[in-house]
Amino acid sequence: MTRSLVLVLVVALMVWGRTAFYTVDAAEFVYVTRFGEPVAIHDGGTHAGLHVKAPWPIDSIFRIDRRVQSFDLPAIESLTRDPTGRTVDTTIAVDAFVTWKIPDAEAADRFVKSVRTPEQAKKILAPLVNG
């Protein structure tokens with residue numbers, strides 16, 4: 001009974017200890033937080049590779065893609081005005097897309113603190129561009 005309990009504890013500690021290692025890919029930023037507070041930002045361009053942190057739930061990581069991000073906006077129709085007669089001339093359809101890139105670790109820090117995710121960025125940018 002005690003031998004199986006020791007084995008279970010050893011396996012559990014190994015699995016928990018595995019959360020202390022993480023990799024940084026060349027195409028991403030990794031934002032490390034300790035109890036929700038930022039500890040480090042690793043730029044994949046200069047700090048790619050294997051890193052060590054405190055195991056979960058003490059430290060956690062958030063990955064941010066450093067490549068060009070883009071999303072399409074739905075097409076909207078807009079009325080144009082005739083400059084001489086001040087009447088509606090034609091209707092045009094406007095199809096737009098948004099692209100952005102996070103250039104460095106400082107910008108990644110600002111992105112995480114203000115926007116957090118690319119999905120949230122889309123929710124913020126879409127009304128601004130369509131307006």
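**Chatting through the sheet and the core**

Me: Which strands form the open sheet, and in what order?
Reply: This is a predicted model, and in it three strands make an open sheet ordered S3-S2-S5, with antiparallel pairing.

Me: Which ones are the edge strands?
Reply: Strand S3 (37-43) and S5, each of which pairs on one side only.

Me: And how much are neighbouring strands turned against each other?
Reply: By 20° on average, ignoring direction.

Me: How many bridges are there between S2 and S5?
Reply: Seven, and the two strands pair in the antiparallel sense. If you want a spot to look at, threonine 33 stands opposite serine 60 in S5.

Me: What packs on the sheet?
Reply: H3 does, touching S2, S3 and S5. The direction of H3 makes about 60° with that of S2.

Me: OK, new topic. Which residues of the largest nonpolar core touch the most other members?
Reply: Ile64, Trp100, Ile102 and Phe111, out of 16 residues in that core.

Me: Which elements supply at least two residues of it?
Reply: There are strands and helices on that list: strand S2 (28-34), strand S5 (59-65), strand S9 (97-100), helix H3 (105-114) and helix H4 (118-130).

Me: Which of them gives the most?
Reply: H3, with four residues in this core.

Key:
Residues numbered from 1 in each chain as written. Predicted model: local features only at pLDDT ≥ 70, side-chain atom pairs only at ≥ 80, totals over all residues. Heavy atoms only, no water. Core = buried A, V, L, I, M, F, W, Y, C linked by side-chain atoms within 4.5 Å. Buried < 20%, exposed > 50% of the residue type's maximum accessible area, 1.4 Å probe, protein only. Pairing = 2+ DSSP bridges. Axes fitted to C-alpha atoms, helices over the stretch in contact; angles between N-to-C directions. Contact = heavy atoms within 4.5 Å.
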